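Please examine the sequence and structure shown below before reading on.

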Amino acid sequence: MANNDNNKDNNNFFNKNPLITFAILSVVIIGVFKILVGTNGGALGNASKRTEQVSYSKLKSLVNSKSVSKVEIGQSYIKATGSNGAIIYTTRIVKGDTKLVEALDTQGIEYQGFSETNWFTEMFGWLFPFLLIIGIWMFFAGRMQKSMGGGLLGMGNSKKMVNSEKPDTKFDDVAGVEEAKEEVQEIVDFLKYPARYVEIGAKIPKGVLLVGSPGTGKTLLAKAVAGEADVPFFSVTGSSFIEMFVGVGAARVRDLFEQAKKDAPSIIFIDEIDAIGKSRANGANMGGNDEREQTLNQLLAEMDGFGTNTPVIILAATNRPEILDQALLRPGRFDRQVLVDKPDFEGRVKILKVHMKNVKMDGDVDVEEVARLTAGLTGADLANIVNEGALLAGRKSQKTVKQKDLFESVERALAGLAKKSRRINPKEKKIVAYHESGHALLAETTVGAKKVSKVSIVPRGLAALGYTLNKPEENRFMMQRHEMWAEVDVLLGGRAAEEVFIGEISTGAGNDLERATDIIKSMVQTYGMSDIAGLMVLEKSRQSFLGGGQQATREYSDKMAENMDEFIKSSLQEHYEVVVARLEEYRDAIEDMVALLYKKENITGDEVREILISFEKKNNMESKVDNTLDEITEELKVDASMIDKSQVESDED
Ligand code: ADP
Ligand code: ZN
């Protein structure tokens, strides 16, 4: 992704501000031109004859001596043709002098008035700057086309403005993101053998959203899909659409799709799709960015425009799927999301190996050691570390890269990242490990809770320091009351684990508690699931006047509000106590989970269940774990527990 491109910084002021440059140049040119054409008809007036500027009195004496044959009198100056016709004298008029005309009459010299601008200077006067301006416009347009890889207003060569490549990247080059690779494997197959799928009538996804922090390999994965399928790869950045003049973004989208369809089967890759796909409902965009909206609408229209039979797949990358316009995520558009996560320990080993393949490594290099030191770093960081190491070794005229060089390069990378605070320190890691294990235990041992599919302490780029992924049982459109209470328990599990195992609580559970509170509140207010309000609905949601989301109206007494607050508080407390008891009951199992998390950083739901069941067996307990679930696809909804609020805020623009 863009983060790793240095060439963006090379652009100077003029490239970045074409319109300003354009305006300055136009003014300068017009100014210069005015001086040139200005008074005296300038050099451009009578190009063929020699002109000589003389004083008024000199001209008078020339007239009196009959050395001129013809005189033309304008508003501000006089032209007199010499008697041999080869020279033109010019002089400024002296206002109020009538003697000259008398002298001309006396001498019998032909004279006439003239308008100081003729058709030539007149026309040239406005045509010349105009032509120049057009010339400059085209020059910049050409540049922009080049730098953005796309067309401007469809001028001139409107074809072949979007460049494609045929990458030779393969899946082997993308390491540590096995699940993501599996998910896109199907696309490769479809692009390779479209006929197979079309004949059978299968619907292939048109759009796939690659979700993950910058540098996790989304671009690389997209390229690898093209490389594996051996199809053209059209790559654009979302922001490049809207950096241009109004109306251009939409036109470019059209060109892009036209080109991709012509070269089908093919892949379109849109990096940073959030730049065009930001939610329109978002109040922050009031007043709107028309250019962005037009571009987005064009994109939606294009995606709807071609059938599922056309073997063009659109891959888009973002690290903030939550801010995307819902319209983009509808069926037939980007209805699939693939998580391209930061690598865990094993993943980092694999990525390091990929990048060490083409570098001469010393025998003393311990890849696992390097992987251990780089928790929380992305593939791009790791690639960088290997390269830095090679540069260091080169500077020292070594033949190979030694472990020492890699350590040095890791240190540099970490120092750089410490500022961005994306790496958790050991103390935080411990808190996160217990917190997430707490969620996992409650999810597995509470009737009605969603089962765990993955627990992770690899910090996610978005905002979460760790996370627990839950499996949806099936597509759910409603929840039963006991399931809502189960969710409350799971949410409380994180905070409770911190208290039980660390003996101190942190801000990490803020989001969990907020959600738990909301759930109970909605049970009282909206779903008639509590004794205090009974079946009475306390809050109606109404579409707000401007269509910008929901506005709630309060329709209950202060007494009811008080009761509700009391109910929420006491039920949270009640459930918290149950949760604490559960954690204490499963103390050793939690310790096992934490140990495994420390070692592997990511653990699967199966591993969690294995730990719990063997713990229950050892202690002759009746099992609370439901281990009958078979493989269900993972829900790409991160439990945003352990939210680092400061990060969330600084992430928002
Ligand atoms: P993103 O698009 O997610 O920001 P990129 O695909 O641009 O990330 O990654 C930048 C570079 O980092 C890649 O070209 C590659 O060298 C390296 N890289 C990132 N992720 C991986 C990975 N999973 N395996 C191997 N290399 C990776
Ligand atoms: Zn949590």
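Patches are built from residues with over 30% relative accessible area and no salt bridge; like charges are joined within 9 Å, and nonpolar side chains (Val, Leu, Ile, Met, Phe, Trp, Tyr) within 5 Å. Accessible areas come from the Shrake-Rupley method with a 1.4 Å probe, and for residues only the protein chains shown count as cover. A salt bridge is a side-chain nitrogen of Lys or Arg within 4 Å of a carboxyl oxygen of Asp or Glu.

The model is predicted: local features need pLDDT of at least 70, side-chain atom pairs count only at pLDDT 80 or more, and totals for chains, interfaces and linings use all residues. Residues are numbered from 1 along each chain as its sequence is written, chains are lettered from A and ligands numbered from 1 in the order in which they are written, and side-chain values use heavy atoms, with hydrogens and water left out.

**Surface patch**

A nonpolar patch on the surface is formed by Met-123, Trp-126, Phe-130, Ile-134 and Met-138, which together have about 530 Å² of accessible area. Phe-130 belongs to helix H6 (residues 119–148). Helices (H or I, at least four residues) and strands (E, at least two) are DSSP runs, numbered from the N terminus. With a relative accessible area of 46%, Phe-130 is partly exposed; buried means under 20%, exposed over 50%, and partly exposed in between (1.4 Å probe, protein chains only).

**Zinc site**

The zinc ion (ligand 2) has His-435 (NE2), His-439 (NE2) and Asp-512 (OD) as protein donors, at 2.0 to 2.1 Å. His-439 in helix H18 (residues 426–445) and Asp-512 in helix H20 (residues 510–525) link distant parts of the chain, 73 residues apart. The spacing of the donor residues in sequence is H-x3-H-x72-D. Both His-439 and Asp-512 are buried. Donors are N, O and S atoms within 2.8 Å of the metal (3.2 Å for Na, K and Ca); water is not among the atoms, so sites may look incomplete.

**Strands and sheets**

Strand S10 (residues 312–318) is mostly covered, 7 of its 7 residues being buried. Val-312, Ile-314, Ala-316 and Thr-318 point one way from S10, while Ile-313, Leu-315 and Ala-317 point the other way. Strand S7 (residues 207–211) pairs with S10 in the parallel sense over 5 bridges, and Val-211 stands opposite Thr-318. Strand S9 (residues 266–271) also pairs with S10 in the parallel sense over 5 bridges; here Ile-267 has Ile-313 as its bridge partner. Two strands pair if DSSP finds at least two bridges between them.

An open sheet of 5 strands has the order S1-S4-S3-S2-S5, with mixed pairing. Strand S1 (50–53) and strand S5 (110–113) stand at the edges with a single partner strand each, so one side of each is left without a neighbour in the sheet. S1 runs parallel to strand S4 (residues 87–92), joined by 4 bridges, and Gln-53 has Thr-90 in S4 as its bridge partner.

**Backbone features**

Most residues other than glycine have a negative phi, and most peptide bonds are trans. A cis peptide bond, with omega about 0 degrees, joins Ala-264 and Pro-265; Pro-265 is in the loop between helix H11 (248–262) and S9. Asp-230, not a glycine, has a positive phi of about 60 degrees and lies in the loop between helix H9 (218–229) and strand S8 (233–237). Glu-272, likewise not a glycine, has a positive phi of about 50 degrees. Glu-272 lies in the loop between S9 and helix H12 (274–277) and is buried, with a relative accessible area of 18%.

**Salt bridges**

The structure holds 17 salt bridges, including the following.

| Pair | N to O distance |
|---|---|
| Lys-350 and Glu-178 | 3.5 Å |
| Arg-336 and Glu-186 | 2.9 Å |
| Arg-348 and Glu-601 | 2.8 Å |

Arg-348 lies in helix H14 and Glu-601 in the loop between helix H22 (587–600) and strand S16 (602–604), so this pair ties together parts that are 253 residues apart in sequence. Arg-348 counts as buried at 0% relative accessibility, and Glu-601 counts as buried at 5%. By contrast, Lys-350 is partly exposed, with a relative accessible area of 36%, and Glu-178 is partly exposed at 34%. Glu-178, Lys-181 and Lys-350 are linked in a network of salt bridges.
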